[in-house]
Amino acid sequence: MPDLPFSSERYGPAERRMAQALVALENRILHPRPTEDCACRQGMFPGLSRRGMLLGGALLGGALVARPARAEAPPGAIEYPVQPDPTREQGRMILDDGGYGSRSQFENEIRWRYPTASLDSSWSMTPLASGQGIITPSGLHFERHHGGIPNIDPQRHALILHGMVDKPLRLTMDDLKRMPSASRITFIECSGNGLTEWEKPTLRTVQGTHGLTSTSEWTGVRLSTVLAEAGVQDGAAWILAEGADAAVMTRSIPIDKAMDDAILAYAQNGEALRPEQGYPLRLLLPGYEGNTQIKWLRRLEVGDKPFMTREETLKYTDLLPDGTARQFTLTMDAKSVITFPSGAMQLPRPGFYEITGLAWSGRGRIAEVEVSADGGKTWAKAALQEPVLDKCHTRFRLPWVWDGTETVLQSRCTDETGYRQPTLAELVQARGTRSVYHLNAIQSWRIAQNGEVSNVHA
Ligand SMILES: Nc1nc2c(c(=O)[nH]1)N[C@H]1C(S)=C(S)[C@@H](COP(=O)(O)O)O[C@H]1N2
Ligand SMILES: [Mo]
């Protein structure tokens with residue numbers, strides 16, 4: 001395993017091992033790039049090996065993976081014979097898939113598992129490089145589980161609301177679905193997104209450096225509706241949210257956020273939540289760090305102060321140079337990244353490319369994205385693709401002609417509050433070198449003379 005140059009106190013031995021394992025995993029997943037010149041866009045992307053798909057889907061240390069019956073097809077696809085000329089024979093019949101669709105057997109993007117020591121507790125990352133528009137397919141939404149994925153029967157699941165309320169409630173899934181519903185499209189980002197990138201450019205792909213964020217349309221009941229039903233008492237200021245998984249994950253949520261735009265979500269992209277996203281019920285807190293958005297939600301307790309759980313004292317705090325720590329850093333700062341071209345890709349030759357990527361902010365809409373094609377010396381305004389939504393991934397685009405010389409691509413965004421994404425140097429200046437979470441600095445991709453794209457600190 002390569003020895004990574006993680007020197008500071010930020011990484012303990014366990015984190016160092018994890019990061020090393022992740023680098024090794026990423027290397028094994030990626031096909032060696034074909035050496036010949038390739039004019040097609042397809043050839044610009046790093047290949048996924050079938051072995052890589054297995055590794056990405058599961059594993060570290062020989063664990064067996066459940067494979068579909070027809071093992072030749074990538075996960076989520078069914079293998080069919082390819083017709084020599086599809087205009088000369090009848091196509092296959094409908095409902096061959098049992099009534100629930102699958103993707104093309106030629107598409108093989110998958111989530112990668114972040115190799116934590118235990119298989120029960122890990123992250124998986126969204127393949128942002130191949131994403132289009134702003135919605136993440138449900139099957140590619142990143143995951144973070146502290147105690148595995150519980151399998152919950154919705155008939156037996158209920159949400160308890162108690163504490164500083166006039167009327168404690170026990171709500172079944174049916175009760176919740178009878179209430180007025182609300183939908184919104186919003187991102188979730190784990191505040192650990194990018195944690196390997198503080199000191200050295202470490203992972204090769206944008207999936208590795210930025211894949212702990214995804215966007216879905218979420219539907220459920222506004223938390224304010226349920227709180228109004230229960231009657232919040234004077235002096236209430238925080239709400240404890242608790243999950244029904246083996247981690248019994250708990251976080252304290254300010255009551256203002258609960259009253260503002262929090263949703264008790266039971267649906268994702270038009271269907272029930274995926275089990276990995278918290279089926280049958282999760283707390284959705286637009287713009288807040290992922291950890292607060294409790295999945296498999298079973299209990300809400302209204303109180304007058306934060307509950308000081310493990311995840312807001314030991315974890316999810318940011319140690320500062322003076323020895324104090326930032327705590328309850330709940331709102332995710334504005335961030336952007338170029339997804340094409342991005343790390344481990346190969347530009348076949350000089351000429352026209354459309355640079356594209358994603359920008360998002362926990363504070364509101366993205367107001368502006370600028371792109372630099374000269375390592376930050378000059379910046380051009382990128383076009384923002386509609387829809388540009390509040391607290392949501394926003395797609396940006398900029399036409400670019402590469403002249404074939406070595407250069408560095410960067411993007412930086414500004415949100416509607418005027419906050420602008422910092423450089424890594426500015427972020428370290430403000431936070432010091434001991435933070436793990438909340439890295440939102442500008443990402444740099446170097447284009448080498450031979451067209452290779454790599455992750456650099458510039
Ligand atoms: N009950 C429960 N809720 C949880 C977690 C968990 O382990 N258990 N992980 C949290 C973390 S750290 C993140 S980043 C988000 C991830 O949500 P996702 O898996 O739907 O992407 O869920 C949060 N909610
Ligand atoms: Mo997280």
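1. Two strands count as paired here if DSSP finds at least two bridges between them. The model is predicted, and the pairings below are read from it on that basis.

2. The chain holds seven helices and 24 strands. Of its 458 residues, 39% are buried. Among contacts between residues at least 6 apart in sequence, 71% join residues at least 24 apart.

3. Strand β7 spans residues 213-222, and eight of its 10 residues are buried, so the strand is largely enclosed by the rest of the structure.

4. Strand β7 pairs with strand β6 (residues 182-189) through eight bridges, and the two run antiparallel. Within this pairing, S183 has T219 of β7 as its bridge partner. Strand β7 also pairs with strand β10 (residues 263-268), over five bridges and again in the antiparallel sense. Here V221 stands opposite L264 of β10.

5. A separate point concerns an open sheet of five strands, ordered β5-β4-β13-β8-β9, in which the pairing is mixed. Its edges are β5 (169-172) and β9 (250-254); each has a single partner strand, so one side of each is left without a neighbour in the sheet. On average, neighbouring strands of this sheet are turned by 20° against each other, with direction ignored.

6. Within that order, strand β4 (residues 158-163) and strand β13 (residues 297-303) run parallel and are joined by four bridges.

Notes:
Residues numbered from 1 in each chain as written. Chains lettered and ligands numbered in written order. Predicted model: local features only at pLDDT ≥ 70, side-chain atom pairs only at ≥ 80, totals over all residues. Buried ≥ 20, exposed ≤ 12 C-beta atoms within 10 Å, placed from the backbone. Contact = placed C-beta atoms within 7 Å. Axes fitted to C-alpha atoms, helices over the stretch in contact; angles between N-to-C directions.
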